[in-house]
Amino acid sequence: MAKPQQEVYFVFMNFDPVYERLRADRSKEGSATLDAYLSHKHDKLLAKLLQPDTYRKKSSLAIVDGFAVEITDAQASILRSEKEVRVVEKNQELA
């Protein structure tokens with residue numbers, strides 16, 4: 001049986017007061033703390049909802065509290081149903 005096709009999706013999170021507070025700190029240390037917080041938060045969400053080794057997180061996006069991840073359409077649906085998630089969109093190549 002063929003493995004389901006994986007594509008890159010962008011996942012954007014709902015309002016998070018901790019994210020907003022950390023984002024307000026424009027210092028070098030504040031930026032590092034924000035990056036670490038988001039990476040951990042996004043990894044934890046993926047680990048909670050998806051089976052290990054079935055996805056690949058590409059990056060966390062600090063400017064919007066989101067991340068890029070390689071997943072299947074079925075996994076995208078799972079993420080969309082989570083209350084912490086605002087939007088899940090497939091990456092669109094622009095011509």
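In the predicted model, strand 1 (residues 7–13) and strand 3 (residues 66–71) run antiparallel and are joined by six bridges. Within this pairing, Y9 of strand 1 has V69 in strand 3 as its bridge partner. Strand 1 is also joined to strand 4 (residues 85–90), again in antiparallel orientation, through five bridges, and here F12 stands opposite V87 of strand 4.

These strands belong to a protein whose secondary structure comprises three helices and four strands, arranged along the sequence in the pattern β-α-α-β-β-α-β. The C-alpha trace spans about 50 × 35 × 20 Å along its principal axes, and the accessible surface amounts to about 6,400 Å², with 54% of that area belonging to carbon and sulfur atoms. Of the 95 residues in the protein, 29% are buried. Among contacts with a sequence separation of 6 or more, 63% are between residues 24 or more positions apart.

The largest nonpolar core contains 13 residues, and those with the most contacts inside it are V11, F67, I71, L79 and V88. Two or more residues of this core are given by each of strand 1, helix 2 (28–49), strand 3, helix 3 (73–80) and strand 4. For V11, when neighbours within four places in sequence are left aside, the contacts comprise D65, G66, F67, V69, L79, V85, V87 and V88; this list includes F67, L79 and V88, which are themselves among the core residues with the most contacts.

One of the residues in contact with V11 is D65, which is located in the loop between strand 2 (56–61) and strand 3. D65 is classed as buried because its relative accessible area is 2%, whereas the cut-off for burial is under 20%. The side chain of D65 forms a polar contact of 2.7 Å with the side chain of K41 and another, of 3.0 Å, with the side chain of H42. Not counting residues up to four places away in sequence, D65 touches V11, F12, M13, N14, D16, Y19, L38, K41 and H42.

Conventions. Residues numbered from 1 in each chain as written. Predicted model: local features only at pLDDT ≥ 70, side-chain atom pairs only at ≥ 80, totals over all residues. Heavy atoms only, no water. Pairing = 2+ DSSP bridges. Core = buried A, V, L, I, M, F, W, Y, C linked by side-chain atoms within 4.5 Å. Buried < 20%, exposed > 50% of the residue type's maximum accessible area, 1.4 Å probe, protein only. Contact = heavy atoms within 4.5 Å. Polar contact = N/O pair within 3.5 Å; in protein donor to acceptor, adjacent residues only side chain to side chain. Areas by Shrake-Rupley, 256 points an atom, 1.4 Å probe, with all protein chains shown as cover.
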